Amino acid sequence: IVHSVPAADLGGHRLGLDPCSLAAVMSRRITTWDHPDILRQNPHLRVPANQPINVVRRVRGSSSTAGVTSYLQNVHLGAAGCPAWSLGSGRTITWPQGTTPAQGSGGIASALVNTPYSISYLDAGFGHDNNLEEISLKNRAGRFLTSKEADISAAGAQAAATIGQPGSIPSQPTSSWANVTLNDRDGQTTWPITAFSYFYVEKDLRRFNQTGEVLKAFIKFIMDHPSLASEFRFSKIPQSIYNYNIATLNSIQTSGTPFVFESSSTTQAGVGAGPYVISGKRRGYQDLALAAATSNITTLQSSVASLEASSAAGGCSCKDYDDSDVKAIANVAAVFGVLAFVISVIVAIKVFCCTPGHRGGAAKVERESNSVSMGVMPASQMEIKLSEKV
């Protein structure tokens, strides 16, 4: 939850809200920053009298809207003295009059930067990257903290500890995940608005032949490289969820040959150069040839530069004429011509080898990024949790 109250009005403190006040602000029951409920939690706050709160919300369907509204709808159940959230939950809701629509996370950020005294919600990683000011939320344990201070993975670990219970992870990955929630979990450092990102995968991939093995290898690679999650401001899943995922992945049926990974620090003699190996170490023949050609060109450029410098320094006359210089330059030119032909052949080979239907040696993994989708999973599919999203 982010805001744009000027720093001068905060008196060197962070702005904090409990769930009840946040719901009242987002539903327009509280419309000014100097409302008694806000000042009670922020005695340091010095805003102009009756300063309006500008509520910025997403204009189209958004998983961020779904996460925040689900939290607001459920966190108040049974809370004394706090009216329940009445706007419903989902990717889209009917917001009250007086709220400001914005398109995407970029639109949210732009609205906050350009309009002081605003409040909104977005993916925490995007907010951190754009240096937006974050509101401290009161979690279930009664602590005010920001998402940077919280242990994001704690909510997932708690869900894994209650597998099979209502609202938690189902014991069978083919069961419905429609009611799984990580919101408002216990714990001193638990962040109250957290969600999984998912892979939705068919449990029988045999009709896809080797492509099914490629998909399984990709998913395994993502799970085994949690640094990809932190690169995109996600938090890695706890070990208990990882183990759950591995069991799910191993149960998926395929009909091809499984791929083997080779890292840049390991060598598998013989096997590493064979088929169905995804290597972070080995290169194809065209890559080696291109590297050698590049090295030769660098050497020749240095030789030409040396000859040019020598010619400029000593000049040329009939008296000291030596045809060895001409021969050297002619040889260099000939080598350049041969290299140009070799490079064109290398490029042609590289294009040919990268054409669908052709395979040339072990593949090299350059980079992977996590692609996820959200939705309700049919009974014929399985889910693989990638990471936890703030």
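1. **Ground rules.** This is a predicted model, so local features need pLDDT of at least 70 and side-chain atom pairs count only at pLDDT 80 or more, while totals for chains, interfaces and linings use all residues. Residues are numbered from 1 along each chain as its sequence is written, and side-chain values use heavy atoms, with hydrogens and water left out.

2. **The chain as a whole.** You'll find 12 helices and 14 strands in the chain; helices (H or I, at least four residues) and strands (E, at least two) are DSSP runs, numbered from the N terminus. Of the 390 residues, 39% count as buried. Buried means under 20% relative accessible area, exposed means over 50%, and partly exposed is in between (1.4 Å probe, protein chains only). The accessible surface of the chain is about 20,500 Å², and carbon and sulfur atoms hold 55% of it; areas come from the Shrake-Rupley method with a 1.4 Å probe, and for residues only the protein chains shown count as cover.

3. **Contacts along the sequence.** Take the contacts in the chain with a separation of 6 or more: 70% of them are between residues 24 or more positions apart. Contact here means heavy atoms within 4.5 Å.

4. **Helix 2.** This helix is mostly covered, with seven of its eight residues buried. Those buried residues are Pro19, Ser21, Leu22, Ala23, Ala24, Val25 and Met26. They pack against strand 2 (16–17), helix 3, strand 3, helix 4, strand 5 (118–120) and strand 7. Arg28 follows helix 2 and has a positive phi, near 70 degrees.

5. **Helix 4.** Helix 4 (residues 63–75) has 13 residues and reaches 18 Å from its first C-alpha to its last, close to the 18 Å expected at 1.5 Å a residue. That expected span is 1.5 Å times one less than the number of residues. Its buried residues are Ser64, Thr65, Val68, Thr69, Tyr71, Leu72 and Val75. They sit on the same side of helix 4 because they cover an arc of only 155 degrees around the axis, the arc being that of the directions from the helix axis to the C-beta atoms. Their packing partners are helix 2 (19–26), strand 3 (54–58) and strand 7 (136–138).

6. **The cap on helix 4.** Look at Ser62, which caps the N-terminal end of helix 4: a side-chain oxygen lies 3.0 Å from the backbone nitrogen of Ser64. A polar contact is a pair of N or O atoms within 3.5 Å; within protein, one must be able to donate a hydrogen and the other to accept it, and residues adjacent in sequence count only if both atoms are side-chain atoms.

7. **The disulfide.** The structure holds one disulfide, defined as a pair of cysteine sulfur atoms within 2.5 Å. The link joins Cys20 to Cys82, with 2.3 Å from S to S, and is right-handed, with 115 degrees about the S-S bond. Cys20 lies in helix 2 and Cys82 in the loop between helix 4 and strand 4 (100–102), so the pair ties together parts that are 62 residues apart in sequence. Cys20 is partly exposed at 24% relative accessibility, whereas Cys82 is buried at 11%.

8. **Trp33.** This residue lies in the loop between helix 2 and helix 3, and at 0% relative accessibility Trp33 counts as buried. Neighbours within four places in sequence aside, Trp33 is in contact with several residues, including Val5, Leu15, Ile38, Val47, Pro52 and Tyr117.

9. Most residues other than glycine have a negative phi. Asn50, not a glycine, has a positive phi of about 60 degrees; Asp184, not a glycine either, has one of about 55 degrees. Asn50 lies in the loop between helix 3 (36–41) and strand 3 and is exposed at 57% relative accessibility. Asp184 is in the loop between helix 7 (153–161) and strand 9 (195–202) and is buried, at 15%.
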